[in-house]
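Here are my notes on one part of this structure, as promised. Have a look at it first, then read on.

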Amino acid sequence: MAWQPELLWAHVAGDAILALAYFSIALGLAMLIRRRPDFAFGWMFRCFAFFIMAGGLLHVLSIVTLWHPIHGVVAVLKALTAVASIATAVALWQLMSRVISLPSRAQLAAANAELEVLIKERDAAFEELRAHSQQRQELEAALLQSQKLEAIGQLTGGIAHDFNNLLQAVAGNLELIARKPDDIDRVVGWSASALNAVERGRALTGQLLAFSSKQRVDLSSVRLVELVGGVKDLLERAVAPLAQVRVERIDPSLNVEVDPLQLELALLNLAFNARDAMPEGGTLTVSAERRSGTVAADLPAGDYVALTLADTGVGMSPEVRARAADPFFTTKGPGKGTGMGLAMAMGVMRQSGGSLAIESEEGRGAAITLYLRVATSQPRRVVGDDARSDARVNLAGCTIALVDDDEQVRGSLRDTLTSAGATVKEAAEGGAGIALVRSLRPDLLIVDFAMPGLTGAEVVRQMREEFPDLPVVLVTGFAESATLDAVTGPQVAVLWKPFEAQELLRKVSGLLHR
């Protein structure tokens with residue numbers, strides 16, 4: 001080649017171009033492996049890059065040996081290249097079967113289409129499951145409502161007796177007042193006695209409405225001693241006439257996180273079960289204590305209050321005890337129970353983050369323990385209004401629209417308001433009440449909730465749209481929570497029947513800022 005320069009430079013140019021190409025390929029493979037560490041078969045690409053790099057170096061040494069005979073270095077590099085080529089070839093053949101088994105684009109498209117079908121089926125299944133879950137919740141709500149009504153039905157006899165006593169007290173005192181209206185001192189005492197009977201009746205109807213109405217689950221901090229004390233009368237009626245209720249001292253500092261109305265209903269149903277378990281009479285003992293740690297297998301470790309109702313009845317066998325909290329399971333005869341009492345109590349406990357435990361032996365009674373979470377905050381203190389105070393309310397110059405379908409109630413409210421100086425215009429039904437408000441433009445509207453035709457809630461809703469600043473007193477003896485929530489607001493006050501005259505005046509005065 002020394003005698004043929006053109007052949008020499010042809011070799012140099014060819015080796016140089018091949019070396020650059022090899023280095024470029026090796027550099028590209030190195031960058032690919034570095035930037036995509038998750039790339040499949042990365043080790044194969046590393047072997048191939050090393051092999052390509054060695055080949056590029058061989059071409060560079062081929063150029064160098066034209067002027068400098070370093071054939072030993074070339075031999076070593078060729079040996080290394082041979083080793084790299086053998087390793088790459090072995091790896092390639094081992095990899096060949098795996099590469100061939102990889103799915104083709106058409107197979108991937110088919111698999112993707114199948115996956116989309118599965119996703120649609122899954123979404124349909126989720127939707128069906130959601131519908132079933134919603135249906136189950138509706139059924140549970142209906143069963144709970146049925147259980148409430150059944151509880152009230154079982155209390156009917158005792159409640160009728162109590163109401164007859166209350167009516168007798170009211171009627172007797174009013175008759176005495178009518179006979180001797182001039183005996184002022186005794187009239188004051190008789191009227192106080194009648195009002196006391198009305199107050200007892202109001203407390204009783206309030207409990208019944210709380211049980212029978214559709215209430216939302218509303219967890220709050222509750223002082224347990226006050227809740228048990230408030231429901232004790234109902235528990236005594238539930239186990240009457242043969243059994244009695246004994247409430248052991250409860251620590252006043254025990255506060256629990258629960259829906260108070262739901263807990264009261266659970267206690268009432270447990271009292272019914274205890275009464276049925278004591279056909280010949282006995283004692284239902286209510287007690288409570290604080291417990292910490294792992295108090296039940298299905299509860300995390302923490303602080304709880306164990307509220308226990310223990311009876312002296314016939315007890316349960318192990319088989320009955322194991323199924324006692326199952327919905328619709330009952331050992332009572334047909335028509336004597338739904339089997340939902342313990343199941344409902346268990347549901348209330350779970351909604352409150354607690355649990356229920358049963359301890360019982362045949363012939364030795366049963367103890368039902370409700371585990372309630374200890375409240376992290378203090379119960380809200382209800383500041384009693386001064387409805388019974390003797391503070392004089394002056395409504396002079398105020399015009400009030402009064403809408404009530406009951407003539408006697410309307411007359412009583414009218415006399416109460418006019419005695420305080422207000423000017424009162426009346427309407428006997430909702431449509432007339434709306435017309436009265438439009439024409440009179442009163443300072444305040446008082447409307448009864450339960451009326452034929454347009455209800456009080458519908459009247460309030462229409463008037464709030466036309467006169468958003470009109471203060472309203474909604475008088476009711478019964479209303480569902482959702483209905484009241486829909487119409488109440490800053491300028492709407494709810495007054496529960498029965499109420500005292502001074503309480504009405506205080507509500508009106510507060511809304512009118514008098």
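1. Start with Ile 400: its opposite number in S10 is Leu 444. This is a predicted model, so keep that in mind throughout. The two strands involved, S8 (residues 399-403) and S10 (residues 444-448), run in the parallel sense and are joined over four bridges.

2. Zooming out, what is the order of the strands in the open sheet? It reads S9-S8-S10-S11-S12, five strands with parallel pairing. As a reminder, sheet strands pair through backbone hydrogen bonds, in either a parallel or an antiparallel way.

3. On average, neighbouring strands are turned by 20° against each other, if you ignore direction.

4. Helix H12 packs on this sheet, where it touches S10, S11 (472-476) and S12. The direction of H12 makes about 155° with that of S10.

5. H12 (residues 456-466) also has a helix partner: its axis and that of H11 (residues 430-440) come within 10 Å and cross at roughly 20°. Because angles under 35 degrees count as roughly parallel, H11 is roughly parallel to H12. The crossing of H11 past H12 is right-handed.

6. Who makes that contact? On the H11 side, Gly 430, Ile 434, Val 437 and Arg 438 take part, and on the H12 side Val 459, Gln 462, Met 463 and Glu 466. Sorted by class, the contact between H11 and H12 has four nonpolar, two polar and two charged residues.

Conventions:
Residues are numbered from 1 along each chain as its sequence is written. This is a predicted model: local features need pLDDT of at least 70, side-chain atom pairs count only at pLDDT 80 or more; totals for chains, interfaces and linings use all residues. Side-chain values use heavy atoms; hydrogens and water are left out. Axes are lines fitted to C-alpha atoms, for helices over the stretch in contact, and angles run from 0 to 180 degrees between N-to-C directions. Angles under 35 degrees count as roughly parallel, over 145 as roughly antiparallel, 65 to 115 as roughly perpendicular and the rest as oblique. A crossing is left-handed if the near helix is turned anticlockwise from the far one by less than a right angle, and right-handed if clockwise. Contact means heavy atoms within 4.5 Å. Ala, Val, Leu, Ile, Met, Phe, Trp, Tyr, Cys and Pro count as nonpolar, Asp, Glu, Lys and Arg as charged, and the others, Gly among them, as polar. Two strands pair if DSSP finds at least two bridges between them.
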